[in-house]
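Q: Hi! Could you walk me through this one? I'd like to start with what counts as a contact.

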Amino acid sequence: EVTGEVRAFGKVTQVTGRGYVEHGRTNADPRRHTDRQLRLRYYDEVDGQPLTVLAFDQLTAPADGARRFGFLAVFLGSKLIHQSVAPLLYPAGLQPDPQRKQNQVPTEFHLSRDPAVKIRASVQRLVERSDYLDQVSGFMRLIIGRFVHPVSYNYDCSAEVVLDLPEMKGTRKGWADCGLSLMRP
């Protein structure tokens, strides 16, 4: 649960709702482990409890066998009510990034291969576009930029989630945090 105030653009706004905190650290070079990574996080509230749907889908680098893996998890409150350990999320409506035309970025994210959970998320706004090359030395930028050009995209998406679970059935509409990382476009 999140409460507090946001101060931005000369205004103060009181906020109350559901949120997500992510923290991860690694010393592994992501370019060695992934070619493409998709993320979707949907949040809602049902009868005073948070509803959270997390989906992740990754394709490893050719040096790692170009393997695809992923997961889907649905939580109601702190209880895991559905899970799948399979790559289910995929991008749709691919269009070129105006700054790097060879990067095909989605206008939608879909999850529909699970009989109990269907998701369609439409990109509404690009929140952040991070060019990883801006964070390395000039020498490394020359080497990496010649072979790969890793970019991460984060979006606000309007989402429709259809659940057919024992604990919950029906269609929910709301917002999702969607993301795409391309390491070797």
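A: Happy to! Contact means heavy atoms within 4.5 Å. This is a predicted model, where local features need pLDDT of at least 70, side-chain atom pairs count only at pLDDT 80 or more, and totals for chains, interfaces and linings use all residues. Residues are numbered from 1 along each chain as its sequence is written, and side-chain values use heavy atoms, with hydrogens and water left out.

Q: Great. Which residues is aspartate 97 in contact with, leaving aside neighbours within four places in sequence?
A: Those are Asn103, Val105, Arg129 and Tyr153. With tyrosine 153, the aspartate 97 side chain makes a side-chain polar contact at 2.6 Å. A polar contact is a pair of N or O atoms within 3.5 Å; within protein, one must be able to donate a hydrogen and the other to accept it, and residues adjacent in sequence count only if both atoms are side-chain atoms.

Q: Is aspartate 97 buried or exposed?
A: Aspartate 97 is buried, at a relative accessible area of 4%. Buried means under 20%, exposed over 50%, and partly exposed in between (1.4 Å probe, protein chains only). Aspartate 97 sits in strand β8, residues 95-97.

Q: Switching topic: how many helices and strands are in the protein chain?
A: The protein chain has one helix and 13 strands. Both are DSSP runs numbered from the N terminus: helices are H or I with at least four residues, strands are E with at least two.

Q: And what order do the strands take in the open sheet?
A: Nine strands line up as β6-β5-β4-β3-β13-β12-β11-β10-β7, with antiparallel pairing. Two strands pair if DSSP finds at least two bridges between them.

Q: Nice. What about the largest nonpolar core: which members touch the most others?
A: Of its 33 residues, Leu40, Tyr42, Leu51, Phe109, Leu111, Val117 and Cys178 do. β12 gives the most to this core, with seven residues. A nonpolar core is a set of buried Ala, Val, Leu, Ile, Met, Phe, Trp, Tyr and Cys residues joined through side-chain atoms within 4.5 Å.

Q: What does leucine 111 touch, beyond four places in sequence?
A: Leucine 111 touches Ala55, Leu72, Leu88, Leu89, Val117, Lys118 and Ile119.
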